[in-house]
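Please walk me through this structure. Start with the aromatic rings, then turn to the charged pairs and the surface.

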Amino acid sequence: MSGEPDMEGMSPGPGPLSSGYLLSTFAMWALMMVAMMLPSAAPMILLHARIDRGSDAQRSRDSLLFVLCYLVVWSAFSALAALAQAALVAAGFLSSRLAAGSHVMSAALLFAASAWQLTAAKTACLDQCRSPLQFVMRYWKPGVVGAVRLGLRHGLYCLGCCWSLMLLLFVGGVMNLAWIAALATIVFIEKIAPPEWRVDRWLAAVLAGGGAYLLVN
């Protein structure tokens, strides 16, 4: 006996760029997006079901298609987020909690999210998400094609509104349940708050302040 551990038959876990890691990471992000975004989309989903004048079976079918197409958009985002996470892990930029490994990186993400809050594109997307009745009345069409188009359209507007906030998962930690719940709550409040409250502008200020704090400390 040499005293050395027997390494034969032992192999490291899948690397961050392996298909196994990417698939599991995509599944994790997709489940998070379902849990975080469906609550804020609930008013739009329920309104769509109420306006549909088809039979019970047709309403159920169209509502399901609307939800699935909405989630298709966020599934595409989840795929990109999984690739980004794998690349960051491979480069050593994320900690074991899947959070940014430096205050500089965290601050950069906070500043980027703050800047997006102030853009015209963000405002336009938020306006569409904030007014379910106007959105559905403007874009609603009957039948399967109408449900698919409306679900995809709403998903794209929602993505334009919230993508930068979702990337903040890399600040607090992708596996941090409290941080996930906090971001989901922020998204929900931003969508249901009256426009005159200017929640998006206040949020931009808070995010910028958080970034500055990280840089100073």
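**Rings, charges and a patch**

Trp29, Trp74, Phe77 and Phe170 are linked into a cluster by ring pairs. Rings of Phe, Tyr and Trp (its six-membered ring) pair if their centres lie within 6.5 Å; planes under 30 degrees apart count as stacked, over 60 as edge-to-face and the rest as tilted. This is a predicted model, in which local features need pLDDT of at least 70 and side-chain atom pairs count only at pLDDT 80 or more, while totals for chains, interfaces and linings use all residues. Residues are numbered from 1 along each chain as its sequence is written, and side-chain values use heavy atoms, with hydrogens and water left out.

Searching the whole structure gives 6 aromatic pairs. One of them joins Trp116 and Trp163. Their ring centres are 5.3 Å apart and their planes stand at 65°, so this pair is edge-to-face. Trp116 belongs to helix 3 and Trp163 to helix 6 (residues 143-166), so the pair ties together parts that are 47 residues apart in sequence. Helices here are DSSP runs (H or I, at least four residues), numbered from the N terminus. How accessible are the two rings' residues? Trp116 is partly exposed, at 21% relative accessible area. Trp163 is partly exposed too, at 30%. The cut-offs are these: buried means under 20% relative accessible area, exposed over 50%, and partly exposed in between (1.4 Å probe, protein chains only).

Phe135 and Tyr157 make another pair. Their centres lie 6.0 Å apart with planes at 85°, so this pair is also edge-to-face. Phe135 sits in helix 5 (residues 132-139) and Tyr157 in helix 6, so parts 22 residues apart in sequence are tied together. Phe135 is buried, because its relative accessibility is 2%.

Now the charged side chains. How many salt bridges does a search of the whole structure find? The search finds 4. A salt bridge is a side-chain nitrogen of Lys or Arg within 4 Å of a carboxyl oxygen of Asp or Glu. Lys122 and Glu190 form one, with their closest N and O atoms 3.1 Å apart. This pair links distant parts of the chain: Lys122 is in helix 4 (residues 120-130), Glu190 is in helix 8 (residues 177-192), and 68 residues separate them. Buried or exposed? Lys122 is buried, at 0% relative accessible area. Glu190 is buried as well, at 0%.

Arg61 and Asp62 also meet in a salt bridge, 3.0 Å from N to O. Arg61 is partly exposed at 36% relative accessibility, whereas Asp62 is buried at 2%. Arg201 and Asp200 form a further salt bridge, their closest N and O atoms being 3.0 Å apart. Arg201 counts as partly exposed at 28%. Asp200 is buried at 4%.

On the surface, Val104, Phe111 and Leu215 form a nonpolar patch. Together they have about 280 Å² of accessible area, by the Shrake-Rupley method with a 1.4 Å probe, where only the protein chains shown count as cover for residues. Patches are made of residues with over 30% relative accessible area and no salt bridge; like charges are joined within 9 Å, nonpolar side chains (Val, Leu, Ile, Met, Phe, Trp, Tyr) within 5 Å. Phe111 lies in helix 3 (residues 103-117). Its relative accessibility is 34%, so Phe111 counts as partly exposed.

Thr25 is buried, at 3% relative accessible area. Setting aside neighbours within four places in sequence, Thr25 is in contact (heavy atoms within 4.5 Å) with Ala82 and Gln85.

Note on methods: Helix = DSSP H or I, 4+ residues; strand = E, 2+ residues; numbered from the N terminus.
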